[in-house]
Amino acid sequence: MKIAIASDHGGNNLRREIVQLLVELGVEYVDFGPDSNESVDYPDFATPVANGVASGNFDRGILICGTGIGMSIAANKVKGIRCALVHDVFSAKATRQHNDSNILAMGERVIGPGLAREIAATWLNTTFEGGRHERRIGKLMELED
């Protein structure tokens with residue numbers, strides 16, 4: 001599995017924590033930054049991650065900002081992306097099983113690093129159930145046309 005990850009300035013610390021988790025899990029990743037804590041615009045970092053996942057260059061992506069809201073909105077503007085804003089483990093599992101989410105968004109100002117690591121690990125290790133959910137995903141994808 002190959003992951004694209006990015007944040008804005010409000011998610012830098014949590015992004016670094018999740019990068020460490022990816023290293024510990026042996027997951028290949030590309031970190032799109034930012035490299036400093038100076039204020040940046042979240043669409044500038046969400047877009048390359050979303051485009052990379054949509055194009056197939058990455059299997060999934062992880063985006064982090066202060067709340068996760070801006071990143072998830074920006075990512076979901078890209079055709080083929082199903083970005084889920086998640087702040088609990090149950091939702092992390094459900095969004096993979098039922099929605100086949102391909103990008104995870106989290107908010108550094110909303111959850112702590114321990115919970116974020118648990119959410120990310122659950123999301124990374126959960127597979128899409130398919131079946132009846134495939135029809136629903138198909139209907140979502142039709143909305144993009």
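Isoleucine 5 has isoleucine 62, in β3, as its bridge partner. The model is a predicted one, in which local features need pLDDT of at least 70, side-chain atom pairs count only at pLDDT 80 or more, and totals for chains, interfaces and linings use all residues. Residues are numbered from 1 along each chain as its sequence is written, and side-chain values use heavy atoms, with hydrogens and water left out.

**Strand β3 and its neighbours**
- β1 and β3 pair in the parallel sense over five bridges; two strands pair if DSSP finds at least two bridges between them.
- β3 and β5 also run parallel, joined by five bridges.
- The bridge partner of cysteine 65 in β5 is glycine 107.
- Six of the six residues of β3 are buried, where buried means under 20% relative accessible area, exposed over 50% and partly exposed in between (1.4 Å probe, protein chains only).
- Arg60, Ile62 and Ile64 are buried on one side of β3, and Gly61, Leu63 and Cys65 on the other.

**Helix α2**
- Helix α2, residues 42–54, has 13 residues and reaches 18 Å from its first C-alpha to its last, close to the 18 Å expected at 1.5 Å a residue; the expected span is 1.5 Å times one less than the number of residues.
- Its buried residues are Phe45, Ala46, Val49, Ala50, Gly52 and Val53.
- Seen down the axis of α2, these buried residues fall within an arc of 160 degrees, so they line one face of the helix; the arc is that of the directions from the helix axis to the C-beta atoms.
- Glycine 56, which follows α2, has a positive phi near 90 degrees.

**Nonpolar cores**
- The largest nonpolar core has 22 residues, of which Ile18, Ile62, Leu104, Met106 and Ile119 touch the most other members; such a core is a set of buried Ala, Val, Leu, Ile, Met, Phe, Trp, Tyr and Cys residues joined through side-chain atoms within 4.5 Å.
- β1, α1, β3, β5 and α5 each supply at least two residues of this core, and α5 gives the most, with six residues.
- Another core, of 18 residues, lies apart from it and includes Ala6, Ala50, Ile81 and Cys83.

**Overall fold**
- The chain has six helices and five strands; helices (H or I, at least four residues) and strands (E, at least two) are DSSP runs, numbered from the N terminus.
- Of the 145 residues of the chain, 48% count as buried.
- The C-alpha trace spans about 45 × 30 × 25 Å along its principal axes.
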